[in-house]
Amino acid sequence: MSSTLPTPAPAISPETEEFWAATARGKLLLRRCDDCQTIIWYPRPFCPACGSLKTSWTEASGRGSVYTFTVVHRSGIPGYRDALPYVVAYVELAEGPRVLTNIVDCEPDQVRVGMPVRVVFHDTGEGNALFRFRPDEDA
Amino acid sequence: MAAEDIWVLGIHMTKFGKHPDKDTVDLASEAVLGALADGGVTMRDVGVMAAGNLMGGAAAIGQQIQKQVGQTGIPVYNVANACATGATALRTVIMALKAGEADVGLAVGVEKLAGAGLLVGGSRAPDAETWTRRGRYGQVAAIDGRIGTETMPGVFAQIGMEYAHRYGGVDFELFARIAEKNHAHSTLNPLASYQKRFTLEEIMNDVMIAYPNTRPMCSANCDGAAAAVVVTDAKRKTLSLEQQRRCVKVSASVLTTDPWEEGCQVLPNVNTLTRNAARQAYETAGVGPEDLDLVELHDCFATAELVHYDNLMLCEEGGAADFFRSGATWRDGTLPVNVSGGLESKGHPIAATGIANIWEICHHLRGEAKDRQIEGAKVGLAHVIGLGSACAVHILEAAA
């Protein structure tokens, strides 16, 4: 069951430092273009849509829906091997971008395309947390 | 066009297939010397050179080739752009000519792939007992077999099935019929890897590599090289009438990459950059798909050929299956596609492919394609795509 998925600490770059720091406070940050308002994923200091260098952080609602997913039944990756079967999914955030993530806190066979989900954070023990998504009963 | 026109003066490709007795430098040198002889010039006339070899791992392949064909001290650009490497080499010297740096340029692409098997993913080592994140791309584990595939047959199988799902009217047999066509075409091409006609049943019952592509629906790994000599319009006018008559005009030379989109981060999008390249090429050349007499497109798999009918705008959007079923793309159809046999049958020595397809078009435009000549061909289009991605489209026209 997916609650046992490992939580390896991320590699942090200057562009993602604030993003990862916010995860420790239970916040999902997104970069937004100040010129064309495009929401940028993954965090980068420029806008991939218009090229602008004027971008700033905005806090995401943490809500979204499953765009697509797969259930992993075989994995040779140490750690993940013990968590089989688990769900790898694209979640389309309410703000627009699709993020690659896991769906947790439900049986893999309960996951459906379009299913409302909300973000949860799994502590890495190193001052930040991994964002994953769980079914959103309130939606 | 602002800059002056560029012309293909000489062009040559080696036999595609197994060449156990020749290395990449041998094959490339044969192509270069053939192209120089075809154009009636020597290395003394060449002012700039570009060379591509993707899988050989040889640094400075261009300089190695120069030692076999002639060292004159000219600049050589060693280029790599996945399956678009050969076309990139050609475009590099075209740009140098347009920039006024030289009036004769030489481009060559070479690959040795016979017996190489799956190029990505299939030969991946088993996962280690411990996994460590490292580097820019090692932050996530390998996706192959977990959330998609990195193998070329797998990727292009999905691309074909995506098209089938989006527009309908496409099935396994239709894809197999595309391979049937290309294998039938190559029976007229003495330089093709395979010159064997396959029946539809043979194709459909062969080993399934990645549904819906069976083995004869996949590009043939083989050895080969191709080279082209290009000249400026001013230089062309100084040449003999016979050389001028055989020159083929490069009406468009376009190279594109993926524009940013909120798309899939696993399955590559081969459609948008191809469509963009085609649009730019038609605009630059001042011709439309309806003006083309033949097309050599990047049928690395039968599924790829179908989607590129659409991407190159040879048919209505979503109409590729009907377009193929009409018989249009057979050599006796209204717009013959891959009369060389294409990558599926002529073969796909990666870095050579983007010049070899131009060799094919040039031979038809010159009226020198013998048994497989498309009668009266005046305008042709050559297309390649390399994943990563890079797409090149060249439009060529016969000398008036």
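This is a predicted model: local features need pLDDT of at least 70, side-chain atom pairs count only at pLDDT 80 or more; totals for chains, interfaces and linings use all residues.
User: How is chain B divided into domains, and how far apart are the centres of the two?

Analyst: The domain assignment gives domain 1 as 6–116 + 222–250 and domain 2 as 152–216 + 253–398. Their C-alpha centres are separated by 23 Å. In the contact between them, domain 1 of chain B contributes 44 residues and domain 2 of chain B contributes 36 residues.

User: How do you know what area domain 1 and domain 2 of chain B bury between them?

Analyst: The size of an interface is often expressed as the accessible area lost when the parts come together. For domain 1 and domain 2 of chain B, that area is about 3100 Å², with 68% of it on carbon and sulfur atoms. On the side of domain 1, B:Met13, B:Phe16 and B:Cys83 supply 21% of the area buried against domain 2, more than any other three residues. The rule also finds two salt bridges across this interface.

User: What makes the pair B:Glu368 and B:Arg246 a salt bridge?

Analyst: The rule asks for a side-chain nitrogen of Lys or Arg within 4 Å of a carboxyl oxygen of Asp or Glu. The N to O distance between the side chains of B:Glu368 and B:Arg246 is 2.7 Å. Because 2.7 Å is within 4 Å, the pair qualifies.

User: How many salt bridges are found over all chains, and what does the pair B:Asp5 and B:Lys249 tie together?

Analyst: A search of the whole structure gives 25 salt bridges. One pair that meets the rule is B:Asp5 and B:Lys249, at 3.7 Å from N to O. B:Asp5 is in the segment before E1 of chain B, whereas B:Lys249 is in strand E8 (residues 248–256), so the bridge ties together parts that are 244 residues apart in sequence. B:Asp5 has 22% relative accessibility and is therefore partly exposed; B:Lys249, with 23%, is also partly exposed.

User: How do you know that B:Arg166 and B:Glu162 are separated by about one helical turn?

Analyst: The two residues are four residues apart in helix H4 (residues 152–167) of chain B, and therefore about one helical turn separates them. B:Arg166 is called exposed because its relative accessible area is 51%, and the class begins over 50%. B:Glu162, at 31%, is partly exposed.

User: What makes B:Thr92 buried and B:Arg91 partly exposed?

Analyst: B:Thr92 has a relative accessible area of 17%, and this is under the 20% cut-off, so B:Thr92 is buried. B:Arg91 has 21% and therefore counts as partly exposed. B:Thr92 is found in helix H3 (residues 85–98) of chain B, and B:Arg91 lies in helix H3 as well. Leaving aside neighbours within four places in sequence, B:Thr92 is in contact with B:Ala50, B:Tyr77 and B:Val79, while B:Arg91 is in contact with B:Ser253, B:Val254, B:Leu255 and B:His394. The C-alpha atoms of B:Arg91 and B:Ser253 are 6.4 Å apart, although 162 residues separate the two along the chain.

Notes
Residues are numbered from 1 along each chain as its sequence is written. Chains are lettered from A and ligands numbered from 1 in the order in which they are written. Side-chain values use heavy atoms; hydrogens and water are left out. Domain bounds come from an automatic or database domain assignment. Contact means heavy atoms within 4.5 Å. Buried area is the accessible area (1.4 Å probe) that two parts lose on being put together, summed over both. Buried means under 20% relative accessible area, exposed over 50%, partly exposed in between (1.4 Å probe, protein chains only).
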